[in-house]
Amino acid sequence: MGNPFQRIALCCAVALLAGCHSNPKVDEAAAPGTVACRVGDESALRAIQVEVWRGREEGLSAYDTTRVCQQLQEVSRQLLPQGVRLRFEVMGAVQTHTGLGRANNATMQSITASDGRLRLVIVDAVAQCGDAAGYILGCTPQLGRPLIYAKRHDPFNDRAPEWVIWAHEMGHAVALYHPDAPGMSTVPERIMTYMPLPQSRVLVSHESANFAQLGSVISPPRMQAALGQPPGPAARIAPEQLLPLVQGAGPHGVPLGPLVHLGDAALLSLGVLLEDSASAGGTASSDPGWPVRINALVLMAELGGDGAQAHVRQYLTRQVGPDNLDIRLYGLSALGRGQRRHPTQASLAFLQQATEAGFWCADARRSAGDCAALADAASEALRDAQSRP
Ligand SMILES: [Zn+2]
């Protein structure tokens, strides 16, 4: 039996001279059901067949089959020292579909898990994952099912490397849950932490063992699926705990269940996170960053009453500060969902107006493409607002 660690050591020695791991051979035009690439550990007992889908959004065009094969190779390479031997067979070239760009609980039902094959869906944004909403890097709609969603990697805002997020979602697909809680990361070194960071690279032994079942439908212990938490009433968050929770929940969104009792007074306290730190007299180090701002705005929009919703509408249309399209897109869809909890005439009228591109292009600095994207998001939000949950 060859020693794989020896091979890796050799690979890395060569890598120092020649630039790291070899590029996999990829057939970008592979037909569905035929192999586009084989990557990972050749000594693995079996190959996991993977099917990859993505939205048509411009930001997703970089996710061709080659990039996906390389990233899966990276997952396999990084998990080998954790006792996991993974070999992937990507079946067919990456498939592009409309309507996959912004994933939420409703759109994620359009694809079903298939036993014996891992489905990976790459999207522009994950706006909702079960009970969580906000800025979310990945979602496994059902624990123990081989269907995972990953948001396109944003090197400026997403601190954990992309392979960590993919491995984390694969962990949920083999029924692993989070060992810690939102806003209270106690094991940042573990891949399955609620808040993956660059140092989250470790699997503990029972977790590594579960990866042997990747690609199969397995029955998880009873869990609150999307959050990967054991069931049970979620502890209510007190108003004074809200700010630290939102600041600490960056890459995994914020669970709404423990927050639904909060009123506008508590939610409006999140307003400080929305202010540009420079204009608020803060320093660069106090800048909360876009993921945290997005979480703050989404909570105000999704859970707020009249006051918090008014603040959200004002934020969405303000013309000061750096123009960030993403936060407006997240904010609009959350405002739509929020209408099911607290419908307000003012927000419905606002969403109606916002479905016109001209509404957004009143700000002359905005590009026509961004105006159209915002108008589309408002139309979707309005449909959401008027649909029954
Ligand atoms: Zn997770």
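Tutor: A residue is buried if 20 or more other C-beta atoms lie within 10 Å of its own, exposed if 12 or fewer, and partly exposed in between, with C-beta atoms placed from the backbone. Helices (H or I, at least four residues) and strands (E, at least two) are DSSP runs, numbered from the N terminus. In α9, the buried residues are Ala308, Gln309, His311, Val312, Arg313, Tyr315 and Leu316. The model is predicted: local features need pLDDT of at least 70, side-chain atom pairs count only at pLDDT 80 or more, and totals for chains, interfaces and linings use all residues. Residues are numbered from 1 along each chain as its sequence is written.

Student: What covers the buried residues of α9?

Tutor: Two residues are in contact if their C-beta atoms, placed from the backbone, lie within 7 Å. The cover of the buried α9 residues includes α6 (264-268), α7 (271-274), α8, α10 and α11 (345-354).

Student: How are two packed helices described?

Tutor: By the angle between their axes and the distance between the axes. Axes are lines fitted to C-alpha atoms, for helices over the stretch in contact, and angles run from 0 to 180 degrees between N-to-C directions. For α9 and α11 the angle is about 20 degrees and the axes are 10 Å apart. Angles under 35 degrees count as roughly parallel, over 145 as roughly antiparallel, 65 to 115 as roughly perpendicular and the rest as oblique. α9 and α11 are therefore roughly parallel to each other.

Student: Which residues meet between α9 and α11?

Tutor: Gln309, Ala310 and Arg313 of α9 meet Ala346, Ser347 and Phe350 of α11.

Student: At what angle do α8 and α10 pack?

Tutor: Helix α8 (residues 290-303) and helix α10 (residues 325-341) pack at about 25 degrees, with axes 7 Å apart. α8 and α10 are therefore roughly parallel to each other. Among the residues of α8 in this contact are Trp290, Ile294 and Leu297, and α10 contributes residues including Ile327, Tyr330 and Ala334.

Student: Is His178 buried or exposed?

Tutor: His178 is buried, because 22 other C-beta atoms lie within 10 Å. This residue is in the loop between α3 (162-173) and α4 (205-210). His178 and Arg190 are 12 residues apart in sequence and 9.4 Å apart in space, C-alpha to C-alpha.

Student: How much of the protein chain is buried?

Tutor: Buried residues make up 45% of its 389 residues. The protein chain has 13 helices and 11 strands.
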